[in-house]
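Subject: Structure handover

Hello,

Here is the structure I promised. Please open it and keep it beside you while you read my notes.

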Amino acid sequence: MNKNEIVEVTIEDMSDEGLGIGHAGGMALFVKDAVPGDTVLARVVKVKKRYAYARVQEVLSASCDRTDPLCPVARSCGGCQIQEMRYEAQLALKERKVRNNLMRIGGFHIDEDRHIIGEAEEHTDGGEGYFFPIIGMETPWRYRNKSQFPVAASADGRLTAGFYAGRTHSIIDHHQCMIGIEENRIVLETVLSWMDTYHVPAYREDTGKGMIRHVMTRAGYATGQLMVVIVAAGNRLPEEAALVKALQDALDRSGQERFHLTSVVLNINCERTNVILGSGTRVLYGYDYIEDRIGDLTYRISSKSFYQVNPVQTQKLYETALAYADLTGKENVWDLYCGTGTISLFLAQKAGKVTGVEVIPEAIRNAKKNAEINHIDNCEFIEGRAEDIVGNMEKADVIVVDPPRKGLDGSVVDAILRSAPDRIVYVSCDSATLARDVKLLAQGGYCLRKVQPVDMFPHTVHVETVCLLTHS
Ligand code: SAH
């Protein structure tokens, strides 16, 4: 098989990265934008020893799971991987991914009735667990509360904003991302027209000259508050007041009533770097934060704080975690990898005491502030690496963990087992490391009782999972 060759292939499966898998010429073929059940003509883009990568050239016969993507640029934009798959099929794919990892890596058996049986029966009481159907979104569009768009001038000098094409740094002009808020289009068009009017140049990555680098928006879905962040290589913009006024007028006029402008922030990034946000900020209008609510709690979000991007599903995720923690008001709870304390505060409403552990100092500051705003005084936040802290913590009744993709450090698993809590609630964004860690916890005497996948990122291949383990 050679590069640029066109091959006919029927797609049998999908990889964890969202590539269709088929076979041709004795090789496995990973085909971008193909859906299981499709027969396509694919152009080979890269050949390895036993497999090759290809892209869909033409769909000869479409899978019943195929659909037209809402975004006209779904193929060239790297943001979504599986927009050409019906949403129900996406959900089934994600559920299968979690299930397969728990079986292959975790060593659990999950039968057709969704019952989970641990492999190492001698380590468990034989009690069964249950694998719940994935929680999807009713309307899987416009769910992202945070968007960021690079800004540049094209070769002919025209200003563009949108997204980077593939793995390059060339920008495709596109203002209407269907998973972001509708206001993004108005914000982008207003910023570009302000740049045009006042001759404010776009930043140039090749020379490091110019000014405007990115436009970011953050929206509070429960409060309607909207923040616009202009990332620029400079600490002052020409005609700042005109920019603010233009944004206010355009959003007022737009007829979109969902979000109102409460904050315009200049983020200063003069470094030659791919990192979007710089360290300095200056408020051009309103506050340096927006507020949002999840359940009964209010969270204050600054331009740089971490906050879950899909608030609708986050609430379902946290409610599941809270239900699994099964708190009565007396328990001592650890929330490891607590970020800005969002889960900690959720749990604190029903716990005796919650201790959050998180490595990023700014997140800890946010967490303390969020506790204060919500008048929650039974939460403590410790800054540091979970693996360095857990050894010295007071024994827990319930331990919640929400680690990054690489999962739990071995020493954290050991410390959890030594603490011997009644319940462990594991929130995971990577079901492979989840399965690896749950296997270790099961070997340490815990039973996997409940598994609940939640679709936080429709049209991407990512899936979140909440698990409950109890002491056997
Ligand atoms: N539970 C939070 C955030 C989870 S994201 C929420 O729902 O909002 C995972 C968090 O783990 C990030 O905030 C990251 O900074 C933190 N983290 C990464 N490695 C860590 C470590 N070794 N120890 C403690 N925290 C860590």
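At what angle do helix α2 and helix α3 pack, and how far apart are their axes? Helix α2 (residues 183-198) and helix α3 (residues 240-253) pack at about 145 degrees, with axes 9 Å apart. Axes are lines fitted to C-alpha atoms, for helices over the stretch in contact, and angles run from 0 to 180 degrees between N-to-C directions. Helices (H or I, at least four residues) and strands (E, at least two) are DSSP runs, numbered from the N terminus.

This is a predicted model: local features need pLDDT of at least 70, side-chain atom pairs count only at pLDDT 80 or more, and totals for chains, interfaces and linings use all residues. Residues are numbered from 1 along each chain as its sequence is written, and side-chain values use heavy atoms, without hydrogens and water.

Now the sheet. Seven strands form an open, mixed sheet in the order β11-β10-β9-β12-β13-β14-β15. Strands pair if DSSP finds at least two bridges between them. β11 (171-173) and β15 (280-286) are the edge strands, each pairing on one side only.

Strands β9 (residues 146-153) and β10 (residues 159-164) run antiparallel, joined by three bridges. Val-151 has Ala-161 in β10 as its bridge partner.

Both helices meet strands. α2 packs on the sheet and touches β9, β10, β12 (212-219) and β13 (225-232); contact means heavy atoms within 4.5 Å. The direction of α2 makes about 150 degrees with that of β12. α3 lies across β13, β14 (260-268) and β15, at about 145 degrees to β14.

Best wishes
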